[in-house]
Amino acid sequence: MHTVRIQAAAIVARRDQVFQPGQVVIHGGQIVEVTSRLDQRPDVDLGEQVILPGLVNPHTHLEFCQLSQPFPSGSNFPQWISSVVNYRRQRDSGKELEQIREDLRCSIEAGLAESRDFGVATLCDIATMPWSLECLPDFDRSMRSMDSPDASAWDRSRVLQHRFPTVVAALEQIGLDENRGAQSDAWRREIEQQYQTGQASTSDRRLLEIALSPHAPYSTAWSFFTAVVQIAKSSDRLLVTHLAESQDELQWLRDGTGAFRDVFERLGIRASEIQRPTVTEVIEQLAGAPRSLLVHGNYLTDQEIQIVAKHRDRMRVAYCPRTHSHFGHEEYPLEKLRRAGIDVVLGTDSRASNPDLNLWQEARHALSLHKSLSPWDALETITLGASQSLGLHHRYGAIAPGFDAVLCVATAPKKKLISTELIEFLFENNHRLIPLWQERLLHDKGASR
Ligand SMILES: [Zn+2]
């Protein structure tokens, strides 16, 4: 195995730990050392660049990555959901299962490539039926030629970087009626069996974990929802749920009326027969899982926030700032959540509500909206905080020995700044992070091949 030593004007290793300048040493795809000592000659000197850890996107839906623009938010939330459902229907109509899966694979491949170009090291994707393990592409085959014994150490490191982002696939469990619920359940079993029997185990496996995602309390029958929580519990897995996303959802859960009811009636679902949990009941269910991610929580009340806070060691909240703005929701309760000690992490959500998967841009957007959020806080929500929400904080979100060597670079300031000001500068002056391996950058820097 080869070792690569990279030097840069600054290395942001983790919160409050910046090496200016510094060196990071990679061996076999892992970080072995990060240091401010410069006595060893680097293999690559990036000069006036800052190295940061690869980002962690805790919430997205890669199946929508073929969309050129998000769907309009509509006059109510169910209207937007209808656009999503219609899109899926048109995409899949008249196609055999294999073709649908191939289309999904293309979309996921596009989403992974896009994420990688925005510096994402790992992400949690909500996988929807009929997603299967074959929908996750292998790492770029064109890179294989570089993975030969006579390739340079640098090329081999690039190959390793190209395997990212890795994926946590959260299987969406959805269905208000028994029939649809049973389909969801059968599909989950099929995927889990495929996973356990090792059909996914190639040396360059992307898939880190199969998580579970009962979609939302308005789309997953309550008895089914609680059954999925039990599975997460007994199999020690992450649980991901959309909750308190829109006023329409709250009205439905509270009174059984509003735009959701209208949609159900139109679909021929007897709204009066649907069991509606309270938001508190959903939170308490989530708390039963070893780890859970409450997605959105846009309209959590003070009381509900206190209940989430009681379980904050195992429950985190994913906020998707640009999606939030897309829908024109009321101000996000970020300060309240954070004051209650809850870790809020940032996700991109999908391209059905966001123009792209630029996670860095989510942090910049959050910084522009929330004055109480410091640049360090913002960085934490897309790095180590986010990896913690997925249970991956031993591997992603920081530059430290033992972590996967997925690194990003950004333009450094002209003069040396104290670390807090450096992070502020990075957010103000960089619209995106660039993955370290990106060829253009390396050629610019004259890195040897
Ligand atoms: Zn979502």
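Me: In which strand does His296 lie, and how is a strand defined?

Reply: His296 lies in strand S13. Strands (E, at least two residues) and helices (H or I, at least four residues) are DSSP runs, numbered from the N terminus. This is a predicted model, in which local features need pLDDT of at least 70 and side-chain atom pairs count only at pLDDT 80 or more, while totals for chains, interfaces and linings use all residues. Residues are numbered from 1 along each chain as its sequence is written, and side-chain values use heavy atoms, with hydrogens and water left out.

Me: Why is His296 called buried?

Reply: Buried means under 20% relative accessible area, exposed means over 50%, and partly exposed lies in between (1.4 Å probe, protein chains only). His296 has 2% relative accessibility and therefore counts as buried. Its phi is near 80°, a positive value in a residue other than glycine.

Me: How do you know whether Val295 is buried or exposed, and which residues does Val295 touch?

Reply: Val295, which lies in strand S13 (residues 291-296), has a relative accessible area of 0% and is therefore buried. Leaving aside residues up to four places away in sequence, Val295 touches His59, Val240, Thr241, His242, Leu243 and Ala318. Contact here means heavy atoms within 4.5 Å.

Me: Why is Asp16 called exposed?

Reply: The relative accessible area of Asp16 is 56%, so Asp16 is exposed. This residue is found in the loop between S2 and S3. Although Asp16 is not a glycine, its phi is positive, at about 60°.

Me: What makes S2 and S3 a pair?

Reply: Two strands pair if DSSP finds at least two bridges between them. Three bridges join strand S2 (residues 10-14) to S3, and these strands run antiparallel. Ile11, for example, has Phe19 in S3 as its bridge partner.

Me: What makes S16 a mostly covered strand?

Reply: Four of the five residues of S16 are buried.

Me: Why are H1 and H7 called oblique to each other?

Reply: Axes are lines fitted to C-alpha atoms, for helices over the stretch in contact, and angles run from 0 to 180 degrees between N-to-C directions. Angles under 35 degrees count as roughly parallel, over 145 as roughly antiparallel, 65 to 115 as roughly perpendicular and the rest as oblique. Helix H1 (residues 77-92) and helix H7 (residues 259-266) pack at an angle of about 40°, with their axes 8 Å apart. H1 and H7 are therefore oblique to each other. Phe77, Pro78 and Ile81 of H1 make the contact with Ala259, Phe260 and Val263 of H7.
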